[in-house]
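The following exercises concern a single protein chain. Please work through each task before reading its solution.

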Amino acid sequence: MKRLLLIAAATFMSPVHASWCDEETIRRVARGGRVVILDSGGVYEVEPDDTPDTALWNAGDGVLVCGDAKMINKDNGDKVHVTPMR
């Protein structure tokens, strides 16, 4: 089981994975976790099922924004589905 987890972790951290995700920093989480605002000016609406996770995210947390559909909190590993608002 440990070996499987190590392989999964190595895959997640591989350069291929990072190439389609942008590293960002959270400026603010608004509306009870429904909106994530990034330092770059990006604003993302979070899918309702994922707001319990994003409600606990903080300004300054590092995230990966992968395409227009997924955001991953680098500090705690939460993965949520998002839609860009602007």
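**Exercise 1: The nonpolar core**

Task: Determine which residues make up the largest nonpolar core.

Solution: The largest nonpolar core comprises eleven residues: I26, V36, L38, Y44, V46, W57, V63, V65, M71, V80 and V82. Such a core is a set of buried Ala, Val, Leu, Ile, Met, Phe, Trp, Tyr and Cys residues joined through side-chain atoms within 4.5 Å; buried means under 20% relative accessible area (1.4 Å probe, protein chains only). At least two core residues come from each of β2 (35-38), β3 (43-46), β4 (62-66) and β6 (79-84); strands are DSSP runs (E, at least two residues), numbered from the N terminus.

The model is predicted, with local features requiring pLDDT of at least 70 and side-chain atom pairs pLDDT 80 or more, while totals for chains, interfaces and linings use all residues. Residues are numbered from 1 along each chain as its sequence is written, and side-chain values use heavy atoms, without hydrogens and water.

**Exercise 2: The disulfide**

Task: Locate the disulfide and assign its handedness.

Solution: First, the sulfur atoms of C21 and C66 lie 2.0 Å apart and form a disulfide (cysteine sulfur atoms within 2.5 Å). Next, C21 belongs to strand β1 (residues 21-30) and C66 to strand β4, 45 residues apart. The S-S torsion of C21 and C66 is about 105°, so the disulfide is right-handed. Finally, C21 is buried at 6% relative accessibility, and C66 is buried at 4%.

**Exercise 3: Confidence**

Task: State the mean pLDDT of the protein chain.

Solution: The mean pLDDT (the predictor's confidence in each residue, from 0 to 100) is 86, and 78% of residues reach 70 or more. Over residues 3-11 the pLDDT falls below 50.

Terms used
Contact means heavy atoms within 4.5 Å. Buried means under 20% relative accessible area, exposed over 50%, partly exposed in between (1.4 Å probe, protein chains only). Helices (H or I, at least four residues) and strands (E, at least two) are DSSP runs, numbered from the N terminus.
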